[in-house]
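Please look over the sequence and the structure before reading on.

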Amino acid sequence: MDQDKHRIAVVYATEQGSTRDIAEFISTELSGRDTIVELADIDHAPDLSRFDTLVLGSAVHNMKFLPSAADYVHAHHDELAQRDVWLFSVGLAPALRGPIGRRLGRIVPRKIAALRDSIQAHDYRAFAGRYDSDGISLRTRLLYRLLGKGRYGDLRDWAAVRSWADTIARSLRLPPARSTTVQP
C-alpha cells in the first residue's frame with residue numbers, strides 16, 4: 001500500500017546542472033528502498049504536507065545557497081522546522097586539495113549554517129560538482145590553484161553521495177535497496 005510508504009521529496013536549485021544530477025542520484029538511491037520519492041526543481045517544489053522527509057540541495061555561489069533555495073527555506077520556514085529535512089550543497093570547496101584547501105573545504109559557510117540551524121535540519125553535506133575553467137576569471141583560477149592545486153572537470157564523488165543517501169535511508173529505517181544502482 002502506498003499509504004504506508006515513507007514519502008520523500010528531493011528538491012534542488014541548480015545553475016549548471018551538477019546539483020540536479022546529484023539530486024537525481026539521491027532520488028534514485030532512495031526510490032529503491034520501498035519509498036515514494038518525488039524529484040523536483042525548486043521552482044516546481046511539491047506541497048510539503050504530502051511528504052515525511054525533504055532532501056533539499058542547492059548549488060553554492062559566494063559561500064551561500066542560490067537565492068531561490070534560500071528564499072524557499074525562508075518562505076517555508078515554519079513547515080520545514082517541523083519536518084525531517086536533510087540539506088546538501090554542491091560547490092567547489094569539497095574539491096579543494098592541499099592542507100589549506102582541505103581545511104577550507106570542511107568549513108560550513110556561515111549563511112548556509114544559519115539556514116541549516118534555523119530549520120533544525122537533520123544533516124548537511126557538501127559535495128563537489130563540475131568545475132570548468134571556461135568563463136572563470138584569471139583571479140579566480142589563480143585562487144583555486146593556490147588553495148590546493150585543484151583540477152578541472154567533473155569532481156563529483158558518487159561514492160560519497162551514495163554513502164550519504166544510505167545514511168538518510170538508515171536514519172529513516174528504510175528497507176535495504178532492492179537493487180544496486182549504477183554510478184552515473
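The protein chain exposes about 10,200 Å², and carbon and sulfur atoms supply 49% of that area; accessible areas come from the Shrake-Rupley method with a 1.4 Å probe, and for residues only the protein chains shown count as cover. This is a predicted model, in which local features need pLDDT of at least 70 and side-chain atom pairs count only at pLDDT 80 or more, while totals for chains, interfaces and linings use all residues. Residues are numbered from 1 along each chain as its sequence is written, and side-chain values use heavy atoms, with hydrogens and water left out.

Of the 184 residues of the protein chain, 42% count as buried (under 20% relative accessible area; exposed is over 50%, partly exposed in between, with a 1.4 Å probe and protein chains only). The secondary structure comes to seven helices and eight strands, taken as DSSP runs (helices H or I, at least four residues; strands E, at least two) and numbered from the N terminus. Among contacts (heavy atoms within 4.5 Å) between residues at least 6 apart in sequence, 80% join residues at least 24 apart.

The helix α1 has 14 residues and should span 20 Å at 1.5 Å a residue, which agrees with its end C-alpha atoms being 20 Å apart; the expected span is 1.5 Å times one less than the number of residues. Buried residues in α1 include S18, I22, F25, I26 and E29.

The structure holds five aromatic pairs. Rings of Phe, Tyr and Trp (its six-membered ring) pair if their centres lie within 6.5 Å; planes under 30 degrees apart count as stacked, over 60 as edge-to-face and the rest as tilted. Two of the pairs are listed here.

| Pair | Centre to centre | Angle between planes | Type |
|---|---|---|---|
| F25 and W158 | 5.0 Å | 50 degrees | tilted |
| F88 and W164 | 6.0 Å | 65 degrees | edge-to-face |

F25 in helix α1 and W158 in helix α7 (residues 158-171) are 133 residues apart, and both are buried. F88 in strand β5 (residues 84-91) and W164 in helix α7 are 76 residues apart; F88 and W164 are buried too. W86, F88, F127 and W164 form one aromatic cluster.
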